[in-house]
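Reader: I want to learn how to read the places where parts of a protein touch. Can we go through a case together?

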Amino acid sequence: MSVKFTKDHEWVKVDGDEATVGITAYAADQLGDVVFVELPDVGKSFEPGDEMAVVESVKAASEVYAPVSGEVVAVNDVLEGEPQKVNESADGDGWFVKLKLSDKSQLDGLMDEAAYKAHIS
Amino acid sequence: MPDTGTNDMTEILQTPLHDLHVELGAKMTPFAGYDMPLQYEGIMAEHNHTRQSAGLFDVSHMGQAHYTGDEAALEKLITADLAALKPGEQKYTLLLNDEGGIRDDLMVSRPFGEDGLYIVVNAATKAADFAHMASNTAGVGELRIIEDRALIALQGPAAADVFGALLPAAAEMVFMQCGVFDLEGVELYVSRSGYTGEDGYEISIPAANAEAVARKILGDDRAKPIGLGARDSLRLEAGLCLYGHDMDENRTPVEATLMWAIAKPRRERLDFPGAARVMQMFADKPARKRIGFTMSGAPAREGAEIVKDGKTIGVVTSGGFGPTIGGPVGMAYVDLEYAVADTEFEILLRGKARPAKVTKMPFVEHRFYRG
């Protein structure tokens with residue numbers, strides 16, 4: 001399983017032709033306490049850069065963009081009742097959506113972990 | 001890094017507690033020209049700590065001044081009854097323009113016995129406020145801007161125990177009392193007031209001693225440093241207006257539901273700025289007025305449009321998550337017919353209409369100490 005990153009601080013974990021998407025621990029820390037997450041409906045399709053979800057912290061609202069093209073096959077309903085999971089486990093239990101990838105080659109345009117670390121340092 | 005596209009040469013100011021904020025690990029942010037602490041451990045934790053124990057805020061960016069001389073000349077600009085303000089008392093008042101629009105909200109008090117008034121105004125408006133006060137009292141009064149003092153606030157149910165342990169006389173004060181006290185040779189101006197809805201104090205300290213006093217307070221485990229983020233969520237839950245957002249020059253005290261801040265004799269004498277217009281609007285009822293609202297889900301933020309049956313009826317002026325309430329809270333101006341508790345309407349968030357309803361303020365009960 002490979003993990004890729006966007007410059008907008010989303011992570012993408014690829015497993016076959018499915019990808020799990022969330023925001024990075026760095027992004028969650030910058031946002032502060034997350035109090036609400038608005039997730040898309042299952043079945044919705046996105047192109048790279050489309051606004052896919054919204055995360056609200058005490059401070060402000062931030063958009064989460066689709067890192068790659070795909071159709072939503074699952075969303076993390078747990079975040080509805082426990083949005084703080086995004087802070088507690090940004091790259092684990094705090095995932096946002098699972099996408100069925102429509103063009104895996106798009107992953108090549110994303111950063112690997114080393115490049116992302118350089119991006120935020 | 002965001003590119004602001006400007007080449008702002010204005011130097012950002014620091015308060016006397018700046019080094020302490022950095023040492024305590026604050027995330028700093030520019031606010032009203034100052035580099036201020038946004039948060040330390042996190043807004044939610046800081047908010048809850050203030051409600052449960054005691055929070056220490058640096059509000060040194062606010063404007064402090066000492067006014068002496070003809071008080072009638074100063075009183076003409078504001079809404080307080082200065083003749084009724086006794087030594088040791090503080091009042092919340094409004095600085096109005098000639099149309100009755102709100103230039104600022106401020107505290108005026110007599111901590112110095114008979115020696116004039118102590119004034120605290122908002123940071124973003126202090127230059128304009130003080131220029132306005134000085135020019136309108138020129139020749140008959142003197143406004144001395146205090147630039148060599150820090151201002152801190154200690155707020156929360158443990159504030160009186162924490163500060164009282166250092167200064168026993170402070171524990172004897174009640175809400176909106178003020179005075180000058182000596183703390184181990186340091187002269188403090190203290191008032192029992194604040195901006196969180198909790199019991200607590202605002203404490204003016206000579207700049208050179210500010211860090212030592214702050215460290216003494218923080219030496220008590222019940223007190224923690226609190227940033228501007230939690231200051232905003234605390235005041236919002238307490239239903240307290242933020243100048244420039246919940247009221248401004250285009251709003252009168254009638255619309256802002258701050259008529260209680262106009263002293264009764266001033267209303268009767270019609271001698272505050274814009275009195276004729278304000279009292280006419282009070283009699284006729286305003287077209288819109290300030291209300292509080294609650295909702296579930298995502299919090300509505302400032303600027304969000306309020307609709308009812310497809311028509312725009314208002315706008316959100318402050319909004320966010322209220323950690324004590326456990327949900328979104330906000331303030332808005334709505335058409336008068338909807339400014340009634342429990343009235344339901346919708347707020348447009350990213351194009352979607354979200355249900356919300358008018359809710360009585362404060363959202364969290366005030367816990368001021370009245371003796």
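Author: Start with the salt bridge: a side-chain nitrogen of Lys or Arg within 4 Å of a carboxyl oxygen of Asp or Glu. Here Arg350(B) and Glu56(A) form one through their side chains, at 3.2 Å from N to O. This is a predicted model: local features need pLDDT of at least 70, side-chain atom pairs count only at pLDDT 80 or more, and totals for chains, interfaces and linings use all residues. Residues are numbered from 1 along each chain as its sequence is written, chains are lettered from A in the order in which they are written, and side-chain values use heavy atoms, with hydrogens and water left out.

Reader: How many salt bridges does the rule find across the interface of chain B and chain A?

Author: Five.

Reader: How many residues of chain B are in contact with chain A?

Author: Contact means heavy atoms within 4.5 Å. 15 residues of chain B meet 14 residues of chain A.

Reader: What area is buried between chain B and chain A?

Author: Buried area is the accessible area (1.4 Å probe) that two parts lose on being put together, summed over both. Here that is about 1,300 Å², with 52% from carbon and sulfur atoms.

Reader: Where are the domains of chain B?

Author: Domain bounds come from an automatic or database domain assignment. Domain 1 covers 18–61 + 148–237 of chain B, and domain 2 covers 287–363. Eight residues from domain 1 of chain B and 13 residues from domain 2 of chain B make the contact. Between them these two domains of chain B bury about 790 Å², 63% of it on carbon and sulfur atoms. The salt bridge count between domain 1 and domain 2 of chain B is zero.
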